[in-house]
Amino acid sequence: DTGVSQDPRHKITKRGQNVTFRCDPISEHNRLYWYRQTLGQGPEFLTYFQNEAQLEKSRLLSDRFSAERPKGSFSTLEIQRTEQGDSAMYLCASSLDVVFGNTIYFGEGSWLTVV
Amino acid sequence: QQPVQSPQAVILREGEDAVINCSSSKALYSVHWYRQKHGEAPVFLMILLKGGEQKGHDKISASFNEKKQQSSLYLTASQLSYSGTYFCGTPRGSGNTPLVFGKGTRLSVIA
């Protein structure tokens, strides 16, 4: 399977703990995105990379969230000192960087439950 | 700014048609449509790039009117497999920027 893969698929953690999610994009895609989705809502943009450069972070992204893409391939999203409000599905997506109208492909998502 | 979708939810019997609308308060350069089934990731359906452009995917088609800053998704002769939540996404800025998604339209197709 050459789609976007995410790990772990499900994570239950206690409030205050740190969690890390990994994303492996489609191999030839140089753009990688992180979104968050809660029940009944559309995906909410968090941050994105072009190769290893982080180009934009949402103002909604608190300092407890950090993302990296060290070699321009896989990416990690870390949440420090988790809060119950962090419970959501974290979606990774990737695309090519084209001039106009890039198609974004999503991974299966990583479900986070903070108890 | 988040695009606005309507209706919020619709229930159809197999074989019936539906239209889902997506509108924006700002100029649109492209509109992207996705379908998401419960507990799964959004799946790409189609992208529309030009004013007045229409595209089709099986019995699902879409139109894009950039002057009116809106797009519509047409589902004809609906099948049970069409059930899910449909999202439209539009670029956050001009050019090739990440997408911002609407709140979705939940479509339920019943036998």
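How much space lies in the second largest pocket? In this predicted model, the volume of the second largest pocket comes to about 350 Å³. Its lining comprises 14 residues, and those nearest the centre are Glu44(A), Ser58(A), Leu60(A), Arg92(B) and Val100(B). Two elements each supply at least two residues of this lining, namely strand S5 (44-50) of chain A and strand S10 (99-101) of chain B. With 3 residues, S10(B) gives the most. Sorted by class, the lining of the second largest pocket consists of 7 nonpolar, 4 polar and 3 charged residues.

The largest pocket holds about 720 Å³ of space. A total of 30 residues line the largest pocket, with Leu39(A), Gly40(A), Gln41(A), Thr85(B) and Arg106(B) nearest its centre. Two or more lining residues are given by each of strand S9 (88-95) and strand S11 (110-114) of chain A, and likewise by strand S1 (4-6), strand S9 (84-91) and strand S11 (105-110) of chain B. The largest share, 3 residues, comes from S9(B). The lining of the largest pocket is made up of 17 polar, 9 nonpolar and 4 charged residues.

Attention then turns to the strands of chain A. Gly40(A), one of the residues nearest the centre of the largest pocket, lies in the turn of a hairpin formed by S4(A) and S5(A) and has a positive phi of about 80 degrees. The two strands of this hairpin are separated by 6 residues. S4(A) and S5(A) pair in the antiparallel sense over 6 bridges, and Leu32(A) is placed opposite Phe49(A) of S5(A). S4(A) is also joined to S9(A), in this case by 7 bridges, and these strands again run antiparallel. Within this pairing, Gln37(A) faces Met89(A) of S9(A).

Strand S4 (residues 31-37) of chain A is largely enclosed by the rest of the structure, because 7 of its 7 residues are buried. In a regular strand, side chains alternate between the two faces of the sheet. In S4(A), Arg31(A), Tyr33(A), Tyr35(A) and Gln37(A) point one way, whereas Leu32(A), Trp34(A) and Arg36(A) point the other way. The residues of both sets are buried.

A further group of 4 strands in chain A forms an open sheet, with the order S1-S3-S8-S7 and antiparallel pairing. Strand S1 (5-7) and S7 of chain A are its edge strands, each pairing on one side only. On average, neighbouring strands of this sheet are turned by 15 degrees against each other, direction ignored. S1(A) pairs with strand S3 (residues 19-24) of chain A in the antiparallel sense over 3 bridges, and Gln6(A) stands opposite Cys23(A) in S3(A).

Side chains of opposite charge can pair when their charged atoms come close. One of the salt bridges connects Arg22(A) with Asp24(A), where the closest N and O atoms are 2.8 Å apart. Both partners are partly exposed: Arg22(A) has a relative accessible area of 34%, and Asp24(A) has a relative accessibility of 26%.

Arg64(A) takes part in a network of salt bridges with Glu83(A) and Asp86(A). The side chains of Arg64(A) and Glu83(A) meet at 3.4 Å, N to O. This pair links distant parts of the chain, 19 residues apart, with Arg64(A) in the loop between strand S6 (53-57) and strand S7 (65-68) of chain A and Glu83(A) in the loop between strand S8 (75-79) and S9 of chain A. The side chains of Asp86(A) and Arg64(A) meet at 2.8 Å, N to O.

Arg64(A) is buried, because its relative accessibility of 10% falls under the 20% cut-off. Glu83(A), by contrast, counts as partly exposed at 41% relative accessibility.

Notes: Residues are numbered from 1 along each chain as its sequence is written. Chains are lettered from A and ligands numbered from 1 in the order in which they are written. This is a predicted model: local features need pLDDT of at least 70, side-chain atom pairs count only at pLDDT 80 or more; totals for chains, interfaces and linings use all residues. Side-chain values use heavy atoms; hydrogens and water are left out. On a 1 Å grid over the protein atoms alone, a cavity is a set of points where a 1.4 Å probe fits but cannot get out, and a pocket is an open set with protein on both sides within 12 Å along at least five of seven lines; lining residues have an atom within 4 Å of a point. Grid points are joined across faces, edges and corners, and a volume is the space filled by probe spheres set on the points. Ala, Val, Leu, Ile, Met, Phe, Trp, Tyr, Cys and Pro count as nonpolar, Asp, Glu, Lys and Arg as charged, and the others, Gly among them, as polar. A salt bridge is a side-chain nitrogen of Lys or Arg within 4 Å of a carboxyl oxygen of Asp or Glu. Buried means under 20% relative accessible area, exposed over 50%, partly exposed in between (1.4 Å probe, protein chains only). Two strands pair if DSSP finds at least two bridges between them. Axes are lines fitted to C-alpha atoms, for helices over the stretch in contact, and angles run from 0 to 180 degrees between N-to-C directions.
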